[in-house]
Structures are given as C-alpha cells and as structure tokens.
Amino acid sequence: MQKNNNISLFEGKIVCPRCDGNGLIYKGKITGLDTIIYICDECEAAWDEISNISVDTFSDLTLFLEKKGCPNEDVIDLGYVTL
Ligand SMILES: [Zn+2]
C-alpha cells in the first residue's frame, strides 16, 4: 500500500482531511461498476485511490458518481480502511 504523507490516522484508520478529524474513511464498492472508492463517513468526500486522499482532491460522493456516469448507483460499505 502506498504511503501518503497528507493523511493522519486515528487508531489505524484514515482521518478525513476535508472535515478535519470528524470523519473516518471507509472503503466502498459502487455496485453497478464493481469499482472501489474511498469515502468519508461524515462529510461524504470521496476519492478513487488511497494515495490520492488529500483535501485538494476530494469529490462529493454524489458528484463523484455523476462523473463516473452512475449517479443512481448504490455504494456498499466494505468497512473502514486501516493502514
Ligand atoms: Zn470528511
């Protein structure tokens, strides 16, 4: 797994850089696409790679799904990302 110096951890879980410590990042699967993404459980910021997680690179989940062309897909929670 790639190291990312922009993120901090709380008990091994990735702290969301966007909402400043309020949220933790979980792994989600977009059902229709079979695609893994990384989402904040608090503010729904989303990233497509762990190595991309930073405050400059997030998309809101709804926007993210629109960009992928699947605004109505569900996201399955696969649990928190631990490093
Ligand atoms: Zn957040």
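Residues are numbered from 1 along each chain as its sequence is written, and side-chain values use heavy atoms, with hydrogens and water left out. Because the model is predicted, local features need pLDDT of at least 70 and side-chain atom pairs count only at pLDDT 80 or more, while totals for chains, interfaces and linings use all residues.

**View 1. The zinc site is tetrahedral.** The SG atoms of C16, C19, C40 and C43 coordinate the zinc ion at 2.2 to 2.3 Å (donors are N, O and S atoms within 2.8 Å of the metal, or 3.2 Å for Na, K and Ca; water is not among the atoms, so sites may look incomplete). The angles among the four donor atoms are 104 to 116 degrees, and four donors count as tetrahedral if all angles lie between 85 and 135 degrees. The spacing of the donor residues in sequence is C-x2-C-x20-C-x2-C. C16 lies in the loop between β2 (13-15) and β3 (25-30) and C40 in strand β4 (residues 35-40), so this pair ties together parts that are 24 residues apart in sequence (strands are DSSP runs of E with at least two residues, numbered from the N terminus). C16 is buried at 1% relative accessibility, and C40 is buried with a relative accessible area of 1% (buried means under 20%, exposed over 50%, partly exposed in between, with a 1.4 Å probe and protein chains only).

**View 2. Five strands form an open sheet with antiparallel pairing.** The strand order is β6-β5-β4-β3-β7, where two strands pair if DSSP finds at least two bridges between them. Strands β6 (59-60) and β7 (75-80) stand at the edges with a single partner strand each, so one side of each is left without a neighbour in the sheet. Two bridges join β4 to the antiparallel strand β5 (residues 45-47), and Y38 stands opposite W47 in β5.

**View 3. The largest nonpolar core has 13 residues.** Those with the most contacts inside this core are I14, C16, I25, C40 and I53 (a nonpolar core is a set of buried Ala, Val, Leu, Ile, Met, Phe, Trp, Tyr and Cys residues joined through side-chain atoms within 4.5 Å). Another core, of nine residues, lies apart from it and has Y26, I30, I39 and L61 among its members.

**View 4. D60 and R18 meet in a salt bridge.** Their side chains approach to 3.2 Å, N to O (a salt bridge is a side-chain nitrogen of Lys or Arg within 4 Å of a carboxyl oxygen of Asp or Glu). D60 in strand β6 and R18 in the loop between β2 and β3 are 42 residues apart.

Key:
Tetrahedral: all angles 85-135°; square planar, octahedral: opposite > 155°, others 65-115°. Helix = DSSP H or I, 4+ residues; strand = E, 2+ residues; numbered from the N terminus.
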